[in-house]
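Work through the exercises below with the sequence and the model open beside you. Try each task before reading its solution.

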Amino acid sequence: MSKVSARPLRSGWRYRANVALRTIAGTVGAYGVAALAAAALARTLPMARVEAVTIATLMAYMVAPAVTIWAFLARGPWRAIAAVALAAAALGGIAWIAGQPA
């Protein structure tokens, strides 16, 4: 008599699409959000341009892994993509409203 596993096999197209969407959100999305976070922070930090860009870039290095982790912790792949898109839109809006640094 063979043992029947309680877990379903993870080889269906839905599981593969789930992982693919989360991977895209966690790589491409994280890169975009980190770049927009660096741009928004560099334009809004109240200090000299060189220091603001340096600090913004260092902080963006912390944003990228956080977005990647969120993409795989989200309840579903579409929720992960929506959260990444919302974060990118918010940071892009902040960077756009802040305009060019003086």
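Helices, of at least four residues, and strands, of at least two, are DSSP runs, numbered from the N terminus. The model used here is predicted.

**Exercise 1. Describe the secondary structure of the protein.**

Solution. Step 1: count the elements; there are 3 helices and 0 strands. Step 2: read along the sequence, which gives the pattern α-α-α. Step 3: turn to the contacts between residues at least 6 apart in sequence; 74% of them join residues at least 24 apart.

**Exercise 2. What span does helix H2 reach from its first C-alpha to its last, and what span is expected?**

Solution. Step 1: find the helix; H2 covers residues 49-73, which is 25 residues. Step 2: take the expected span at 1.5 Å a residue, 36 Å. Step 3: compare; H2 reaches 36 Å, close to the expected value.

**Exercise 3. Which residues of H2 are buried, and which helices do they pack against?**

Solution. Step 1: apply the cut-off for buried, under 20% relative accessible area. Step 2: list the buried residues of H2, namely Ala52, Ala56, Ala60, Val67 and Ala71. Step 3: recall that an α-helix has 3.6 residues a turn, so residues three or four places apart point the same way. Step 4: look for the partners; the buried residues of H2 pack against H1 (13-44) and H3 (77-98).

**Exercise 4. Identify the largest nonpolar core and the elements that build it.**

Solution. Step 1: count its members; the core has 12 residues, including Ala25, Val33, Val67, Val84 and Leu91. Step 2: assign them to elements; H1, H2 and H3 each give two or more residues. Step 3: find the main contributor; H1 gives the most, with 5 residues. Step 4: take one member, Ala74. Leaving out residues up to four places away in sequence, Ala74 touches Arg22, Arg79 and Ala80.

**Exercise 5. Is Met47 buried, partly exposed or exposed?**

Solution. Step 1: locate Met47 in the loop between H1 and H2. Step 2: use the cut-offs; buried is under 20% and exposed is over 50%. Step 3: Met47 has 39% relative accessibility, so Met47 counts as partly exposed. Step 4: look at its surroundings; Met47, Ile55, Met59 and Met62 make a nonpolar surface patch of about 360 Å².

**Exercise 6. How far apart are Ala17 and Pro77 in sequence and in space?**

Solution. Step 2: along the sequence, Ala17 and Pro77 are 60 residues apart. Step 3: in space, their C-alpha atoms are 8.7 Å apart.

How values were computed:
Residues are numbered from 1 along each chain as its sequence is written. This is a predicted model: local features need pLDDT of at least 70, side-chain atom pairs count only at pLDDT 80 or more; totals for chains, interfaces and linings use all residues. Side-chain values use heavy atoms; hydrogens and water are left out. The expected span of a helix is 1.5 Å times one less than its number of residues. Buried means under 20% relative accessible area, exposed over 50%, partly exposed in between (1.4 Å probe, protein chains only). Contact means heavy atoms within 4.5 Å. Patches are made of residues with over 30% relative accessible area and no salt bridge: like charges are joined within 9 Å, nonpolar side chains (Val, Leu, Ile, Met, Phe, Trp, Tyr) within 5 Å. Accessible areas come from the Shrake-Rupley method with a 1.4 Å probe; for residues, only the protein chains shown count as cover. A salt bridge is a side-chain nitrogen of Lys or Arg within 4 Å of a carboxyl oxygen of Asp or Glu. A nonpolar core is a set of buried Ala, Val, Leu, Ile, Met, Phe, Trp, Tyr and Cys residues joined through side-chain atoms within 4.5 Å.
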